[in-house]
Amino acid sequence: MTLQALAGIRVLDLGIVTAGAATSGVLADLGAEVIKIEGPTYIDPFRDWQGTGDGDWWEQSPPYRATNRNKKSACLDLKSPRGRDLFLQLVGLSDVVVENFRVGVLDKLGIGFETLRQANPRIVLASLSSQGATGPGAGNVSFGSTLEASSGLAHLTRYPGGKPQITGRALNYPDQIVSMFAAGAVMAALVERQRTGQGVHIDLAQRELSSFFVGEAFIAALDGALPEDYPVGPPAMLQALSRGEDGQWIAVTIPASASAAAEHLIGALTGQALAAFIGGRPAAEGARALRRAGAAAEVVVAARDYADPHGPAPGNALALDDAGHQVKGQPIRLGGRDAGTAAAVAPLGRDNRYVASGLLGLNDAQYDALLAEGIFATRPRTTE
Amino acid sequence: MTTPLGHGPLSGLRIIEQVGAGSTDMGRVAVAFAGLLAQRFGATVFRPADAGPDPIMQWPPMLADGSSALHRFLTAGKGPGDAQPGDYLLSDDPDLVAAWSDDRKVLIRPTLDEARPQSDLTVMAASGLLDIVGEVGRAPLALPGYQMGYVAGMVAFNALLASHLASVLGGKPLAGEIAVLEAARWLNWKNLLSEVSGQRASGVGRAEEWQITRCKDGYIAPVFRDRDMPNLARLMREPALLEERFATAAGRRRNLAEMYRLIEAALADRMAQDILLEAVELKLPFAQVQSPEQVAADPQMQHRQFIVEGPLGPMPRLPLLWNGRSVEAWQAGGEA
């Protein structure tokens with residue numbers, strides 16, 4: 001099941017790892033038909049992460065499976081002239097292309113935006129890159145950690161007087177926010193296209209997006225007013241992290257509306273009083289008491305808590321696919337329903353025939369010949 | 001004051017951004033950020049004048065003139081106005097959303113499943129996002145600023161766009177609903193999935209191979225993989241980094257303290273720019289930790305004019321170019 005809002009929209013997904021592939025994943029959750037296209041000599045590198053099961057190694061990666069739910073899969077050699085021609089024919093039948101190759105790769109493949117536009121003037125191309133497609137740093141490669149460093153995020157994340165900190169591989173914050181933002185940009189482009197009849201090239205820089213997420217800090221910094229101790233959320237009467245007697249951290253925010261009840265509960269609206277109150281009881285009990293007083297109070301859960309069947313439910317953060325695997329979920333609900341059970345990830349090249357025959361109009365003999373030539377494939381050539 | 005008519009991809013779309021008695025502080029930020037994205041993409045966004053004094057005007061960071069940088073960021077280009085048929089409603093007040101006349105609406109809730117107070121900090125706590133950054137034995141570090149409100153606002157904006165696009169494509173608008181906590185957990189999917197699938201330990205104190213490292217005049221974010229170890233050793237002038245124990249990611253994670261003792265010693269007397277220049281030659285994609293001022297002055301950001309001059313002062317533009325120019329330049333009728 002998907003949310004069906006984008007029914008009728010076809011997306012060609014050249015996205016890899018998180019940023020591009022997850023953008024297409026959001027569009028698939030919202031109901032677009034997404035065809036993930038990989039080449040026999042270059043499959044999505046995410047396929048090589050954390051795989052542990054039996055069978056073909058390129059089908060085992062949990063993060064790949066999670067990111068590429070609800071998609072079709074075609075394996076088409078874009079480096080060959082025939083594969084490129086077939087891709088451009090597909091572009092003529094599609095609405096969106098998503099890619100996050102290094103800047104310049106699309107042009108080298110002969111499928112840059114001008115070429116795509118010749119194939120389909122209504123095509124929307126979403127290019128996600130580290131620094132954007134222009135400028136002296138356009139060719140730079142980045143990772144989540146270097147994006148946090150170069151965007152201002154890490155500078156604002158630190159203990160008082162301490163060194164900057166990053167979320168690291170466990171989260172890679174910039175890689176997560178980009179997929180939702182890029183999906184929104186694609187939808188905006190599709191809205192515009194309905195009005196103008198023209199496609200667009202979206203040139204999205206992940207570094208700029210990360211900076212935009214602390215946009216108010218840029219305004220303050222350029223005014224010479226960036227605070228040393230950067231705020232976390234709106235101001236409150238008291239906000240702190242403190243430890244229960246069981247050693248568990250809890251996060252507490254006491255708003256003005258709860259200040260009288262909270263002061264009555266803990267004795268005074270100070271960090272010291274809060275620490276004494278929480279430190280005298282198990283964290284969960286302290287959090288419950290503070291919530292009864294109208295404060296926001298939550299135990300700091302660890303990711304491992306979600307692996308506990310008695311722990312907090314992940315809600316829409318994770319979903320089950322129809323093969324029983326946990327995959328990435330979708331936080332948007334539309335018309336009173338959520339995205340529901342996802343279609344399990346398609347094995348590499350599963351939908352070649354759909355693409356070749358159903359969309360491009362080739363007959364079985366023509367497809368078989370292209371498969372024999374290696375233009376289409378169902379396994380990576382590099383593993384032979 | 002009148003609200004400027006939007007120009008851009010969403011030109012013609014009208015959105016009412018309204019808070020009410022049922023609104024929360026975090027919800028106000030989320031609603032305003034969703035409206036900010038809509039406005040930057042060219043929608044006309046109204047903030048009804050009768051909603052009372054806006055508390056965001058008092059929220060940090062504060063500027064030298066006593067105004068709020070947050071308020072300036074979130075409200076630029078918006079203005080007062082009244083709802084008309086066909087408008088969309090963005091709100092975190094369930095009563096306002098319930099009273100809206102049709103399905104052109106998006107509700108931002110703190111959580112989907114239980115009604116209890118939340119803040120940016122407690123959402124991070126309940127989503128697992130507070131168990132990612134920090135040092136063992138110390139209170140965990142939160143993401144800076146208004147990240148939970150911004151993320152929820154971005155998700156709400158997408159819900160609105162999906163609904164609008166459905167109607168533009170010939171269907172009906174669909175009432176949207178999102179929850180801040182769900183959006184936060186969604187961000188943390190990789191961490192949650194790793195634990196659920198039993199793949200590896202995570203959380204504060206985990207062995208992260210790439211760590212921010214001090215140099216003479218600041219901090220560096222180093223990045224390297226197995227194949228980069230010879231060049232890393234060359235950059236650090238440290239042959240010990242070629243030892244077998246550092247040859248694989250697993251080995252490096254087992255010997256993190258020793259590896260970073262070597263790296264920190266190697267970088268202690270070197271300037272960030274010198275390190276980065278040599279790293280580029282050695283194909284090591286290092287980055288310098290930059291303050292917002294440094295980012296704004298960076299040649300790449302300058303080239304792409306990331307900071308634009310608005311009526312009230314400098315402002316980050318929407319982080320993309322649209323057929324090669326910024327949406328803001330298009331709105332202003334100029335060139336990027």
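**Entry 1: helices 11 and 12 of chain A**

I began with helix 11 (residues 271-279) of chain A and helix 12 (residues 283-292) of chain A, which pack at an angle of about 125° with their axes 8 Å apart. I keep in mind throughout these entries that this is a predicted model. Since angles from 65 to 115 degrees count as roughly perpendicular and those over 145 as roughly antiparallel, I noted helix 11 of chain A as oblique to helix 12 of chain A. I then looked up who makes the contact, and found A:Leu274, A:Phe277 and A:Ile278 on helix 11 of chain A, with A:Gly286, A:Ala289 and A:Leu290 on helix 12 of chain A. Sorted by class, the residues of this contact are 5 nonpolar and 1 polar, with no charged residues.

**Entry 2: helices 1 and 7 of chain A**

Next I turned to helix 1 (19-29) of chain A, which packs with helix 7 (residues 173-196) of chain A at an angle of about 50°, the axes being 8 Å apart. Helix 1 of chain A and helix 7 of chain A are therefore oblique to each other, and I recorded the crossing of helix 1 over helix 7 of chain A as right-handed. From helix 1 of chain A the contact takes A:Ala19, A:Ala22, A:Thr23, A:Val26 and A:Leu27, while the residues they meet in helix 7 of chain A include A:Asp175, A:Val178, A:Met180 and A:Val186. I wrote down the division of this contact between helix 1 and helix 7 of chain A as 10 nonpolar, 2 polar and 1 charged.

**Entry 3: a sheet with strands from both chains**

Which strands make up the open sheet of 8, and in what order do they stand? I read the order as 3(A)-2(A)-1(A)-4(A)-5(A)-6(A)-11(B)-12(B), with mixed pairing. At the edges I found strand 3 (72-75) of chain A and strand 12 (325-326) of chain B, each of which pairs on one side only. Within the sheet I followed strand 4 (residues 96-99) of chain A, which runs parallel to strand 5 (residues 124-129) of chain A and is joined to it by 4 bridges. In this pair A:Val96 stands opposite A:Val124 of strand 5 of chain A.

I then looked for helices lying against the sheet. Helix 3 (residues 81-91) of chain A packs on it and touches strand 1 (10-13), strand 2 (33-38) and strand 4 of chain A, its direction making about 150° with that of strand 1 of chain A. Helix 13 (residues 352-359) of chain A also packs on the sheet, touching strand 1, strand 2 and strand 3 of chain A, and its direction makes about 85° with that of strand 3 of chain A.

**Entry 4: the domains**

For chain A the assignment gives domain 1 (10-213 + 317-383) and domain 2 (238-306), and I noted 42 Å between the C-alpha centres of these two domains of chain A. Chain B is divided into domain 1 (14-196), domain 2 (213-288) and domain 3 (301-332). For domain 2 and domain 3 of chain B, the C-alpha centres lie 36 Å apart.

In chain B I found an open sheet of 3 strands in the order 6-7-8, with antiparallel pairing. Strand 6 (213-215) and strand 8 (287-288) of chain B each have a single partner strand, so one side of each is left without a neighbour in the sheet. Strand 6 of chain B is joined to strand 7 (residues 218-221) of chain B by 3 bridges, and B:Thr213 stands opposite B:Ile220 of strand 7 of chain B.

I also looked at helix 4 (residues 120-127) and helix 6 (residues 180-187) of chain B, which pack at an angle of about 50° with their axes 9 Å apart. Helix 4 of chain B passes helix 6 of chain B in a right-handed crossing. B:Val123, B:Ala126 and B:Ser127 of helix 4 of chain B make the contact with B:Val180, B:Leu181, B:Ala184 and B:Arg185 of helix 6 of chain B, and I sorted the residues of this contact into 5 nonpolar, 1 polar and 1 charged.

Last, which residues of chain B are joined by a cis peptide bond? I found B:Pro60 and B:Pro61, with omega about 0°, and placed B:Pro61 in the loop between strand 2 (44-46) and helix 2 (69-75) of chain B.

Terms used
Residues are numbered from 1 along each chain as its sequence is written. Chains are lettered from A and ligands numbered from 1 in the order in which they are written. This is a predicted model: local features need pLDDT of at least 70, side-chain atom pairs count only at pLDDT 80 or more; totals for chains, interfaces and linings use all residues. Side-chain values use heavy atoms; hydrogens and water are left out. Domain bounds come from an automatic or database domain assignment. Axes are lines fitted to C-alpha atoms, for helices over the stretch in contact, and angles run from 0 to 180 degrees between N-to-C directions. Helices (H or I, at least four residues) and strands (E, at least two) are DSSP runs, numbered from the N terminus. A crossing is left-handed if the near helix is turned anticlockwise from the far one by less than a right angle, and right-handed if clockwise. Contact means heavy atoms within 4.5 Å. Ala, Val, Leu, Ile, Met, Phe, Trp, Tyr, Cys and Pro count as nonpolar, Asp, Glu, Lys and Arg as charged, and the others, Gly among them, as polar. Two strands pair if DSSP finds at least two bridges between them. Angles under 35 degrees count as roughly parallel, over 145 as roughly antiparallel, 65 to 115 as roughly perpendicular and the rest as oblique.
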